[in-house]
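This report goes through one protein model and its ligand. It starts at the ligand, then turns to the domains, a salt bridge and some local backbone features.

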Amino acid sequence: MSRKRNSIVLVLLLFAYGAFSQANVSGVQLIRSHDFPQLLINGTPFLILGGELGNSSASSMGYLSPRLKHLQQMHLNTILVPVYWELMESEENKFDFSLVDSIIAAARKHELKIVFLWFGTWKNSMSCYTPLWMKTNNKRFPRTLDSAARSQEIFSVFGTATLEADKKAFAALMRHIKEIDVVDKTVLMMQVENEIGMLPTAREVSKTADIFFNSKVPSQLMDYLQKNKNSLVPEFKERWEKQNFKQGDTWKNTFGEGVLTDEIFQAWYYAKYTNDVALAGKKEYNIPMYVNAALPRPGKLPGQYPSAGPLPQVMDVWQAGAPVLNMLAPDFYNPNTKYWCDLYTRNNNTLFIPEMQFDKTCAAKAFFIIGHYKALGFSPFSIESENDAAIPLSKSYGVLQQLTPLIVNKQWLNMDGFLLDKQNRNSTVKMGRYNLSVSHEATLSWSLEARDLVWSTTGGIVLQTSPDEFLIGGSGIVITFENSDKDLVTNIAAADEVSYENGKEIKGRRMNGDQDHQGRHVRFSIGEWGIQKVKLYNSLATIEN
Ligand code: DGJ
């Protein structure tokens, strides 16, 4: 064989091996392919259409079991479920996994996947889920102090026995999950701790904490900052820059004096602690793990909100201190979805929303977050509660479930998502040679909401599947198309209602006449959900008659 032929064969073999090994990846993995994050189960991409259970709902199967069927009917494919340390290890070193087992079995019965939330050392700043044998031994498991220097039910991040106990329990949990789930892979990911955050001061104040605070910033953090100097988030970089990018000095001298530096300090030790817990777990069973953050209200300073959690201003510190974690995730109980999602997609952070206040806006936000941010998934909080937001959400999830194979297998040239209300009523995006203008349905004079004081929050997702074809799903939106070449006029060749069953396309109505405003736009009315396949055609703008 010639040398040239030899190398062709080698290239083909390597290619075949690459394709083969990709198809055979086993386990649950989080990858980024062409900057598109994907959660893979045995190599098959999965989109989380989720919901998080209320805090106490998974402590009793009698309470939880009857509610799961409804979640499946709402087109959820995943539930986010707490694992309570106090119930799992009520006696030191004696682990009881019966609740975990029952939850996994019940989820399987309803074809639901699970993201477990480890309610370990911290849950919303507090340590309320730690076992009583820890809570009652303040010497072995030191607590933090409040502003009157009285001990509070928040364990100190500097408690070495606390960390060891958490690592041991979490490792035992992961070992057990592996034992019972490595084949089925019902459990997709783990959230390590829950909304870590220091209160009521920005950092711990104690003899131990002060010794660390007055020492040099650890070289692990400084090396990371130096290496990533050009890509640090601007608000963090600015603090360091003001101190002339100081190295080898104390926290105060490196980042300046004040609560913002206190927060950086505390964030570093929270990140290290969480990393150690996650690492202990991953050594037993390596599936993706993340931490979640309580977002602060505007204008509040560290300490006035649970500070030093995985928040945008300290995301570099968390990424440096907790490289074992796959993501930093925001919990939403405020309306500024775009603002915070933009912050959380910096530094290559994959977006996943473990908690979103469960109201009627969730139905539109699911489209926006998945379509625009290519998020791994979406999950309103207290999903099992009686809530009139359940129907709209289930309709959006129904649409997203049908589109999932196309979304996750990246069968699109461009994808985007839209979130509209009265204040943000229009949005534009360029896809290929077309400019799409997406508007709230109430911008149409004949819309039933047009004259209302408040408009519903609406949204949709658009996938450009070929140069002139689009798949659009959503509710309460109107889309028009324009060719970026001004010499051409773009019109709708066909807008067909479609649905997908097991990946097979089923054609519905041809949406012409009133439904597409006699060819002028594609529309999904408020209160109606669906998918339309839109084909465009172009003609010359000027015609000589
Ligand atoms: C955020 C927390 O992470 C949840 O566990 C829950 O406490 C909600 N806040 C509010 O109910």
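## Ligand surroundings

In this predicted model, the residues around the ligand are Asn 55, Lys 123, Asn 124, Asn 194, Glu 195, Asp 331, Tyr 333, Glu 355 and Phe 381. Several of these residues bring polar side-chain atoms to the ligand's oxygen atoms. For Asn 55, a polar side-chain atom lies 2.9 Å from an oxygen atom of the ligand. Asn 194 likewise has a polar side-chain atom 2.9 Å from an oxygen atom of the ligand. For Glu 195, an N or O atom in the side chain is 3.3 Å from an oxygen atom of the ligand.

Asn 124 sits in the loop between strand 6 (113–123) and helix 5 (132–135).

## Two domains

The domain assignment divides the protein chain into domain 1 (2–408) and domain 2 (414–540). Taken over C-alpha atoms, the centres of domain 1 and domain 2 are separated by 35 Å. Domain 1 puts 21 residues into the contact, and domain 2 puts in 20 residues.

## The interface between the domains

The size of an interface is often given as the accessible area lost when the parts come together. Between domain 1 and domain 2 the buried area is about 1,700 Å², and carbon and sulfur atoms give 78% of that area. On the domain 1 side, Phe 367, Gln 402 and Leu 403 lose the most area to domain 2; together they account for 31% of what that side buries.

By residue class, the side of domain 1 that touches domain 2 consists of 12 nonpolar, six polar and three charged residues.

## Salt bridges

How many salt bridges does a search of the whole structure find? The search gives 18 salt bridges. Among them is the pair Arg 346 and Glu 235, whose side chains meet with an N to O distance of 2.9 Å. Arg 346 lies in the loop between helix 13 (337–344) and strand 12 (353–356), and Glu 235 lies in helix 9 (residues 234–242), so this pair ties together parts that are 111 residues apart in sequence.

## Two prolines in loops

Where is Pro 200 found? Pro 200 is in the loop between strand 9 (187–194) and helix 7. The peptide bond that joins Leu 199 and Pro 200 is cis, with omega about -10°.

Pro 218 lies in the loop between helix 7 (207–213) and helix 8 (219–227). Not counting residues up to four places away in sequence, Pro 218 touches Trp 251, Trp 268 and Tyr 269. Pro 218 and Asp 249 are 31 residues apart in sequence, and their C-alpha atoms are 9.2 Å apart in space.

Conventions: Residues are numbered from 1 along each chain as its sequence is written. This is a predicted model: local features need pLDDT of at least 70, side-chain atom pairs count only at pLDDT 80 or more; totals for chains, interfaces and linings use all residues. Side-chain values use heavy atoms; hydrogens and water are left out. Domain bounds come from an automatic or database domain assignment. Contact means heavy atoms within 4.5 Å. Buried area is the accessible area (1.4 Å probe) that two parts lose on being put together, summed over both. Ala, Val, Leu, Ile, Met, Phe, Trp, Tyr, Cys and Pro count as nonpolar, Asp, Glu, Lys and Arg as charged, and the others, Gly among them, as polar. A residue is near a molecule or strand if one of its heavy atoms lies within 4 Å of it. A polar contact is a pair of N or O atoms within 3.5 Å; within protein, one must be able to donate a hydrogen and the other to accept it, and residues adjacent in sequence count only if both atoms are side-chain atoms. A salt bridge is a side-chain nitrogen of Lys or Arg within 4 Å of a carboxyl oxygen of Asp or Glu. Helices (H or I, at least four residues) and strands (E, at least two) are DSSP runs, numbered from the N terminus.
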